[in-house]
Amino acid sequence: MDCILMHKNVPVADLQLDQVTGYILRVREILAVSHMPVGVPVKRGVLDRAALNGWWIDRSIPASRSGVRKAMEILGLENPQMLLTRCLGLSLSDQYWMKPKGQDIQWEDVNFFDHPFSEDIGDLLLGKPVGGKKMDFQTPDNTSDGFLPKQWKILHGRRCLLKGGSAPFVQQPFNEVIASRLMERLGIPHVTYSLLWDSGKPYSVCEDFISPETELVSAWRVMQIARKDNSTSVYQHFINCCRKLGLTKVTRSLDQMLAVDYLLLNEDRHLNNFGLVRNADTLEWVGMAPIYDSGTSLGYDKLSGQIVADGFGDRTECKPFKRTHREQIQLISSLDWLRFDQLMGFSEEIREILSGAGEYADPARIQAISTAFEERLKHLEELALTHRTVADNPANDVEVDVAADYTHNMNL
Ligand SMILES: Nc1ncnc2c1ncn2[C@@H]1O[C@H](COP(=O)(O)OP(=O)(O)OP(=O)(O)O)[C@@H](O)[C@H]1O
Ligand SMILES: [Mg+2]
């Protein structure tokens, strides 16, 4: 299949795609180096095809997504990559797409920001009955990332992402709401999540924070623009890459993210769960993306006893920079911005939100979560009083950065 990789209306590369596997077989010609996806290197006019394939295949639904295997069986498809070209690779998180060669279509004719899209694939992925109907594949659900079940929908004219939780506590949607309220109080730029129940299951709902003029570039992609040597920490490498792109003021945003992730004991802030926003027309960098995907936190899969016993998260997974939260909060350069008085009564708000979970959260669990939060808050306040910068040591860096795997408790 002959295609042109497009960035809005800019032709980026002339390619040959394998229709069966979805892989890029050949790059015939590079048409606009500057619009190449971030982190895909072009050296002396030669494009790294493996890196471009990595980027392209990463656009598809991860094979580990809850419910994806069953959905592929129903669709009679070998893998989710095969869905990519069915929607021209269009997404609601960036502005790339694949135009079949020879077709006279513009980005304005097809993009999902301006045009409605089908809910068929999203319904199927959420396990809803789709009967024997002919499926409409025009949907950004074909290009959505992440392990949790999710679906793009147009609600009140706005593009929104609905996201479920994992068994047994389905706590992630509630955590997203808690995280939003926390960041609202602290004035931290964030994506606002609210709660929605559908067929007895809780979902978080957030609006698309990307517009037709912007796009999200994950930290992982940003960090591919330069090689990291062993003496440079992951944290420093991210800062260096941002600097190389002209963004010199990301420290405050990182401080805020690390503080929030500690307070909520986030276990899954991997390198695709934060990033930068750039203007897709001018290629100018806007800044760090508002904080999104904070749901894998607050002991989401743990029992009450474990939540209390590990209040400071010494035995809880930590990403993206350090192996433990204690080490990771040492990277915070300043907590001057954190007005602790604005968090007065926040543990009560946590209890209130979690009590909405009904059968999924019993009173002991809710109490454990809010008590552990209070302890961390107190700890962070003490740290703020005595705060000094500690030398960053790559020896205690995260070794592999992969998304949380919920497959052990995914029966929703
Ligand atoms: N509000 C949004 N606007 C635009 N893009 C979004 C938005 N929310 C999420 N995304 C994109 O969708 C991807 C998946 O969403 P999200 O990270 O919330 O899902 P997840 O299943 O919790 O992921 P993970 O596997 O990290 O747990 C994100 O990495 C991001 O690229
Ligand atoms: Mg995510």
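This is a predicted model: local features need pLDDT of at least 70, side-chain atom pairs count only at pLDDT 80 or more; totals for chains, interfaces and linings use all residues.
1. Start with Asp-392, which sits in the segment after α12 (363–385). Is Asp-392 buried, exposed or partly exposed? Asp-392 has 18 C-beta neighbours inside 10 Å, so it counts as partly exposed; a buried residue would need 20 or more. Leave aside the neighbours within four places in sequence, and Asp-392 is in contact with Ser-233, Tyr-235, Gln-236 and Leu-331. Asp-392 and Asn-79 are 313 residues apart in sequence. In space, their C-alpha atoms are 41 Å apart.

2. Next, the domains. The domain assignment of the chain gives domain 1 (2–145) and domain 2 (214–409). The C-alpha centres of these two domains lie 30 Å apart. Domain 1 puts 11 residues into the contact, and domain 2 puts in 14 residues. What is the make-up of the side of domain 1 that touches domain 2? That side divides into 1 nonpolar, 7 polar and 3 charged residues.

3. Now ligand 1. It is surrounded by 25 residues. The closest are Ser-93, Gly-146, Phe-147, Leu-148 and Asp-293. By class, the shell around ligand 1 holds 12 nonpolar, 7 polar and 6 charged residues. Which domains supply this shell? Domain 1 (2–145) and domain 2 (214–409) each give at least three residues to it.

4. Look at the start of the chain. Strand β1 (residues 2–7) and strand β2 (residues 10–17) run antiparallel, joined by 6 bridges. Met-6 stands opposite Pro-11 in β2. The hairpin of β1 and β2 has 2 residues between the strands. In this hairpin, Lys-8 takes a positive phi near 50°.

5. Follow β2 onward. β2 also pairs with strand β3 (residues 24–30), in the antiparallel sense and over 5 bridges. The hairpin of β2 and β3 has 6 residues between the strands. Its Gly-22 takes a positive phi near 85°. When viewing strands, keep one rule in mind. In a regular strand, side chains alternate between the two faces of the sheet.

6. Leu-88 is found in the loop between α2 (68–75) and β6 (96–100). Phi of Leu-88 is near 60°, a positive value in a residue other than glycine. His-156 is in the loop between β7 (150–155) and β8. Phi of His-156 is also positive, at about 50°, although His-156 is not a glycine.

7. His-156 has 6 C-beta neighbours inside 10 Å, so it counts as exposed. The cut-off for exposed is 12 or fewer.

8. Last, the cis peptide bonds. Where does Pro-168 lie? It is in the loop between β8 (158–163) and α5 (172–186). The bond from Ala-167 to Pro-168 is cis, with omega near 5°. Pro-320 lies in the loop between α9 (304–309) and α10 (325–329). The bond from Lys-319 to Pro-320 is cis, with omega near 5°.

Technical notes
Residues are numbered from 1 along each chain as its sequence is written. Chains are lettered from A and ligands numbered from 1 in the order in which they are written. Helices (H or I, at least four residues) and strands (E, at least two) are DSSP runs, numbered from the N terminus. A residue is near a molecule or strand if its C-beta atom, placed from the backbone, lies within 6 Å of it. Ala, Val, Leu, Ile, Met, Phe, Trp, Tyr, Cys and Pro count as nonpolar, Asp, Glu, Lys and Arg as charged, and the others, Gly among them, as polar. Domain bounds come from an automatic or database domain assignment. Two strands pair if DSSP finds at least two bridges between them. Two residues are in contact if their C-beta atoms, placed from the backbone, lie within 7 Å.
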